[in-house]
Amino acid sequence: MGGNIFIDTHEVVRLPKEDYFKLTGEVLNLLRKITDNYPHIEMSVVQAMYDKTDFGDMDIVINTNDRFYKDLLQMTLVQDNNLPASRNGDVVSFLYKKFQIDLIFVPTESYSYSKNYFAWNDLGNVIGRLAKKLGFKHGHNGLFYVQRDGDVVVENHALSYDYEDILKILQLDLDKFKAGFNNALEMFEWAGKSPYFDPEIFKFENLNHINKVRDRKRVVYNQLVNWCVNDYVPTVNRIPFPDKDKRLDFVLQHFPSIKTKVDENDIRIALQRATAQKFNGRLVMQWVPELSGKKLGDFLFAYKGSKEHYSAYVLNASEEEIKQDVLEYYKSWTK
């Protein structure tokens, strides 16, 4: 994924298209020999633009929910053949005939989504920017709604593992996506036909620091920004993104099944917040001044654990009742 991992330590080559596809068949044969006894393992080379003439690396998506198979492939292919290798999370990279190969391991349920996400260079990133403005999290593992309490992630709600779902929401041409793209311009023009396409969100000045640093290094993304600035011409009536506080409503229009779980989480958070207002470390330090630091933390943990239904007790008791109960419990706790 990038082709630069070994460039400072080993001789690394780029390959013209003909040699790249020849090597693709060779690498897939090596991998399939290792996985012959595991027919549930699937693998697919990430689809590149049809007009691409040379390649700096080869990305192969592999489905597995078991680390055993990641280790199996790494040990059998990399270690047994004494190949230079690097592992970063779910990606195992190695040099084969001076060419970088990246094995991208994904959960089985995400395999089809991942193949489409990684295909066509930066298209997954482009779709992700649009999806985010609608309230979705679009990544290689699937389509999600991230429920938050302020800056805290409460739950990642899985919405879909069918890549077509997000394309339909964005009102993009499915047949063209399935047919593929010859070059980046073709891809940009296709994405630009979504009524949700907004060229402003791709400009570097509108990216956060992490995305700005990362995407400045990407050739196709730079081409996208230039196209947005100089060549983009709207061909459909644009639909404005929903306001931030309305994004959940938009998500629920398309995936109403998560509403019950979202509401349950909201109720739980509200109860936790109400409970914390009536019983917290600050109040306990007022009632028992000698408690602080680790000792205070230990006491709070023990006190909460002493109640079979802690939240229900706090919510139904008065502050004075809680204070007296804490003082009584503190006497027994210090013995």
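Here is a short walk through the fold and then its salt bridges.

What you have is a predicted model, in which local features need pLDDT of at least 70, side-chain atom pairs count only at pLDDT 80 or more, and totals for chains, interfaces and linings use all residues. Residues are numbered from 1 along each chain as its sequence is written, and side-chain values use heavy atoms, with hydrogens and water left out.

Start with the overall build: 15 helices and 10 strands, taken as DSSP runs (H or I, at least four residues, for helices; E, at least two, for strands) and numbered from the N terminus. Along the principal axes, the C-alpha atoms fill a box of roughly 80 × 55 × 35 Å. Buried residues account for 44% of the 335; buried means under 20% relative accessible area, exposed over 50%, and partly exposed in between (1.4 Å probe, protein chains only).

Now for the charges. The whole structure holds 18 salt bridges, each a side-chain nitrogen of Lys or Arg within 4 Å of a carboxyl oxygen of Asp or Glu. One of them joins Asp90 and Lys70 at 2.8 Å, N to O. Asp90 sits in the loop between strand 5 (85-88) and strand 6 (91-96) and Lys70 in helix 2 (residues 67-79), so the pair ties together parts 20 residues apart in sequence. Asp90 is partly exposed at 40% relative accessibility, while Lys70 is buried at 14%.

Helix 15 has a pair of its own: Glu328 and Lys331 lie 3 residues apart, about one turn of the helix, and their closest N and O atoms are 3.5 Å apart. Elsewhere, Arg67, Asp71 and Arg87 are linked in a salt-bridge network.
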